[in-house]
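Open the model in your viewer and keep the selection tool at hand. We will go from one turn to the whole assembly.

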Amino acid sequence: MLIRKAPDIAPSEITPESIYRQRRQFMKGLAAGGALLMSGQASALARYALDEEQVRYLGPDWLQQKLRAAQKSSVFSTDEPLAPYEHVTGYNNFYEFGLGKDDPKAYAQNFKTDPWSVEISGEVHKPGTYQLEDILKGVDLEERIYRLRCVEAWSMVIPWVGFPLASLLKRFEPTGNARYVEFTTLHDPKQMPGQRSRFGTIDWPYVEGLRMDEAMHPLTLLAVGVYGDALPPQNGAPLRLVVPWKYGFKSIKSIVGIRFTEQMPVNSWQRTAPREYGFYANVNPSVNHPRWSQSTERRLPSSLFSPNIIDTQPFNGYADQVADLYSGMDLRKWY
Amino acid sequence: MVLSIAALHRSTVGRWSFWTLMFIGSLAPLGWISLQAVQQQLGADPAQVIVTFLGIWALRFLWLSLAITPARRLLGMAWLQRYRRMLGLYALFYATVHLLAVATFILGWRPDLLLRELTERPYIIAGFAAWILLLPLAVTSTQGWQRRLGKRWKRLHWLVYPIALLALLHFVWLIRAGYLEVLIYTLILAFLLGYRLYLKWR
């Protein structure tokens, strides 16, 4: 079991759900009041510390200790309101565990994320299979609050904990031929019911890729945590990519392989529907998905009678940092 | 069960009770999703859950209304005929609430977005066309209109077949990673329409 069982709790000590909920409402009120009092500089931890009653996924002890030591402020973080923990961890596209947004949470809870290893291969001087502990050894974790824009035209603001992908890639010493990085998700139909479905359109395992300069960009994050705790399985535990200026599907989950290549990798969605999904998949309000518009998005969680419709920003609002990676490129062609 | 329902329909009280049961039962999906929404049980994106749910139920009622003729003939349930109109009208009802849910919960009645969706998105155009075509069928579903139109009534209500195909197309164009559900609805519709062709050309 990955979620540790609490020591014996007498039934009398368990708070009835109604009272628990009232208390949550009260705490939310406090949190809202607190947020008003605090200046805009308040750290993200303070912004969600009051919500600690939420049941958290904690992950292995060794990782928890590292997560506790994470640096809490980053120049790359946004101060927009966060999507609540329950939605970040309960509303997921992770087709390995099913097509419904609540399937990953429902079917990933027994997913084994520790021990975990990643195979490094291709155009690199130090190939090999590395344990996650070794990958994280000497790495300083930091919190990054990023906008996540899904290709389905919704978005959330999520406090990830991770480290720049660049720092890891450099340790493996890519060769001069390494122009792209290809990532692979675990293929394990026994653990991943979605991979057993015979009516899917995706060829497993899921594959994603980045150009070397995209991979080395300081915004590109390898995440091991969210909301200060370990990534729950449904969010791509134990190691996932976060590329905030690209549609969410680029941010591949539960990575077991990193391969350095000379040729541009063919990512899973491009293989499935090349007319609809390209390699770059940069968030771009002026290039629509062939079936739906990308010019606006609904910021989740949304309430029914005031849908949070906002204009989608080029590169998901990170244009200042990343637009020059694509100067001279026709982004209509390289969608 | 089948026999008892048939027996039920021999008395006025029985007919009336069963009609009421069907009428209220058909509102159950709407009641259920409304309750879930009020209790905030629909997750981060209740709008999408509601819209998908209502759309699926519109499709189910349309398929059910198309299943009456085959079921009546193959299973000999003559009493089913009485409910064809109700099921057809419920298909329009759920399609209408589905449409209102899209406009309200997803698009916030923003004119620019409504126009954009209705002119640029093939899957929305297909779904909207199906809804529009259902309207004349609903209006002329009464016995009065049936009498007035005579032979032309049947010709007009033949429209339900292109409507079903448009609705299916609307569904197909929404596929992203899995097509099992769409496949099931397609196979059922293929049977329902295929049976009619069989009757015609056997």
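Select A:Ala153 first. This residue takes a positive phi near 75° in the hairpin of E3(A) and E4(A), which has four residues between the strands. The model is predicted: local features need pLDDT of at least 70, side-chain atom pairs count only at pLDDT 80 or more, and totals for chains, interfaces and linings use all residues. Residues are numbered from 1 along each chain as its sequence is written, while chains are lettered from A and ligands numbered from 1 in the order in which they are written.

Show both strands. Helices (H or I, at least four residues) and strands (E, at least two) are DSSP runs, numbered from the N terminus. E3(A) and E4(A) run antiparallel, joined by eight bridges. Strands pair if DSSP finds at least two bridges between them. Pick A:Arg147; its bridge partner in E4(A) is A:Val157.

Is strand E3 mostly covered or uncovered? Covered: six of the eight residues in 142-149 of chain A are buried. Buried takes 20 or more other C-beta atoms within 10 Å of a residue's own, exposed 12 or fewer, partly exposed in between, with C-beta atoms placed from the backbone.

**The cores.** A nonpolar core is a set of buried Ala, Val, Leu, Ile, Met, Phe, Trp, Tyr and Cys residues joined through C-beta atoms within 7 Å. The largest has 76 residues. Select A:Ile158, A:Trp160 and A:Ala223, which are among the members that touch the most others. Strand E4 (residues 154-164) of chain A gives the largest share of this core, six residues.

Stay on A:Ala223. Leaving out residues up to four places away in sequence, A:Ala223 touches A:Trp160, A:Val161, A:Gly162, A:Leu231, A:Arg240 and A:Val242. Contact means C-beta atoms, placed from the backbone, within 7 Å.

Another core lies apart from the largest one; its 38 residues include B:Ile50, B:Val51, B:Leu62 and B:Leu92.

**The interface.** Colour by chain. Here 21 residues of chain B are in contact with 24 residues of chain A. On the chain B side, helices H4 (46-75), H5 (84-106), H6 (111-120) and H11 (180-201) each give two or more residues. H6(B) provides the largest share, three residues.

**The annotated spans.** Select 111-269 of chain A, listed by UniProt as "domain: Oxidoreductase molybdopterin-binding" (unreviewed entry). This span is 11% helix and 36% strand, with end C-alpha atoms 24 Å apart. Then take 54-167 of chain B, which UniProt lists as "domain: Ferric oxidoreductase" (unreviewed entry). That stretch is 83% helix and 0% strand, and its end C-alpha atoms are 13 Å apart. UniProt positions follow the numbering used here, feature names are shortened, and annotations may be inferred rather than shown by experiment.

Notes. Contact = placed C-beta atoms within 7 Å.
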